[in-house]
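Here is a short briefing to read alongside the model. Please keep the sequence and the 3D view open as you go through the points.

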Amino acid sequence: MEVYEYMVGIGFILLSFIVVIALLVWGISYTRKNLNEVRSKKYRAAAFLCTLGLIFSISFVLGAKRFSDNIDVTIIWMILSTGLLFSSAVTFAISFINEYSRRENE
């Protein structure tokens, strides 16, 4: 029974990696699609991912003592929060670099 529990934990950890990668791809595609739009629409994906990342991070800090016995939940929580903040940084960087290069070319 213990081997099955470990496999479920590893499966959820891999699933959290897949979710983070999918959100990163979504953020990049949404940002690239809206590069020529107004500023509020261009940064919407980065703001959404940053908000999710902050919610996961704050809830991790507040709820970490409850789940200290289950390391799988703690690892999944950490992967999601740091992955969402990383995805937000990448999508923000794409928008910012495009806007900066566009200003420089004018």
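A residue is called buried when its relative accessible area is under 20%, exposed when that area is over 50%, and partly exposed in between. S59 has a relative accessibility of 27%, so this residue counts as partly exposed. Please bear in mind that the model is predicted. The points below cover helix packing, a salt bridge, a surface patch and a few individual positions.

**How α3 and α4 pack**
- Helix α3 spans residues 44-63 and helix α4 spans residues 71-105, with a loop between them that holds D69.
- The axes of α3 and α4 are 8 Å apart, and the two helices pack at an angle of about 155 degrees.
- Angles over 145 degrees count as roughly antiparallel, and α3 and α4 are therefore roughly antiparallel to each other.
- The handedness of the α3 and α4 crossing is left-handed.

- S59 sits in helix α3.
- Between the C-alpha atoms of S59 and S81 there are 9.4 Å in space, while 22 residues separate the pair in sequence.

**The salt bridge**
- How many salt bridges does the count come to? The count comes to one salt bridge.
- The partners are E99 and K42, whose closest N and O atoms are 3.7 Å apart.
- E99 belongs to helix α4 and K42 to helix α2 (residues 39-42), so the pair ties together parts that are 57 residues apart in sequence.
- As for accessibility, both E99 and K42 are buried.

**The nonpolar surface patch**
- Y4, V8, F12, L15, I18 and V19 together make a nonpolar surface patch of about 570 Å².
- F12, one of the patch residues, is found in helix α1, which covers residues 2-33.
- The relative accessibility of F12 is 48%, so F12 counts as partly exposed.

**F92 on α4**
- F92 has its place in helix α4.
- F92 counts as partly exposed because its relative accessibility is 44%, which falls between the cut-offs of 20% and 50%.
- Which distance separates the C-alpha atoms of F92 and T31? They are separated by 8.4 Å, and the two residues are 61 residues apart along the chain.

Definitions and conventions:
Residues numbered from 1 in each chain as written. Predicted model: local features only at pLDDT ≥ 70, side-chain atom pairs only at ≥ 80, totals over all residues. Heavy atoms only, no water. Patch = residues over 30% accessible without salt bridge, like charges linked within 9 Å, V, L, I, M, F, W, Y side chains within 5 Å. Areas by Shrake-Rupley, 256 points an atom, 1.4 Å probe, with all protein chains shown as cover. Salt bridge = Lys/Arg side-chain N within 4 Å of Asp/Glu carboxyl O. Helix = DSSP H or I, 4+ residues; strand = E, 2+ residues; numbered from the N terminus. Buried < 20%, exposed > 50% of the residue type's maximum accessible area, 1.4 Å probe, protein only. Axes fitted to C-alpha atoms, helices over the stretch in contact; angles between N-to-C directions. Parallel < 35°, antiparallel > 145°, perpendicular 65-115°, else oblique. Left-handed = near helix turned anticlockwise from the far one by under 90°.
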